[in-house]
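Here are some notes for a colleague who is meeting this structure for the first time. Please read them with the sequence and the model open alongside.

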Amino acid sequence: MRQLIIYMLLVAVLLPVISPWGTIAYYQLNKEYIARVLCENRDKPQLHCDGKCYLAKRLKAQQDKQDKETTERVQKVPVLQLFCADMGSYLFARPVSTHTTSPLAAWLAGCHTGYHAELLQPPQIS
């Protein structure tokens, strides 16, 4: 049972890598049908396309779909800031908004202390 789960997870992880190879295998197995029926250049035998245009289109569509899914997945990932360094010592003045919608936003707004008078003092000469 454990091996079955391992193999299923392995296939699930490797599926995006294997997917273009499946399209190429489908093309190789059905090359004559694709060249005769689905090829855009079937009326121009001097080009010797033999369905390569169809294969290129399918691979490009597959890559575009995968890129779109990846972009959507990355955009939907929530961002949670777990560490807030005291950046106030590096800032001369920074307005802090007091209009927050959540307790987390209020806590994050408190991380930036804003104006520091000690930064605007001239150096002491002894």
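1. Does Thr 23 count as buried or exposed, and why? Thr 23 counts as buried because its relative accessibility is 12%, where buried means under 20% relative accessible area, exposed means over 50%, and partly exposed lies in between, with a 1.4 Å probe and protein chains only. Thr 23 sits in helix H1, and it touches Leu 55, Arg 58, Leu 59 and Gln 62, leaving aside residues up to four places away in sequence; a contact here means heavy atoms within 4.5 Å.

2. On the basis of these notes: this is a predicted model, in which local features need pLDDT of at least 70 and side-chain atom pairs count only at pLDDT 80 or more, while totals for chains, interfaces and linings use all residues. Residues are numbered from 1 along each chain as its sequence is written, and side-chain values use heavy atoms, with hydrogens and water left out.

3. On the overall fold, the protein chain has 4 helices and 0 strands, in the order α-α-α-α along the sequence; helices (H or I, at least four residues) and strands (E, at least two) are DSSP runs numbered from the N terminus. Of the 126 residues in the protein chain, 11% are buried, and among contacts with a separation of 6 or more, 50% join residues 24 or more positions apart.

4. Helix H1 covers residues 2-29, and although it has 28 residues, its end C-alpha atoms are only 34 Å apart, short of the 40 Å that a straight helix would reach at 1.5 Å a residue; the expected span is 1.5 Å times one less than the number of residues. A kink of about 65 degrees lies at Leu 15 in H1, shortly before the proline Pro 16, the bend being the angle between axes fitted to the seven residues ending there and the seven starting there.

5. Leu 14, also in helix H1, counts as partly exposed because its relative accessibility is 36%.

6. Helix H3 (residues 52-75) has 24 residues and reaches 34 Å from its first C-alpha to its last, close to the 34 Å expected at 1.5 Å a residue. Within H3, Cys 53, Tyr 54 and Leu 55 are buried, and the buried residues of H3 pack against H1 and helix H2 (31-38). Leu 55 is also one of the residues that Thr 23 touches.
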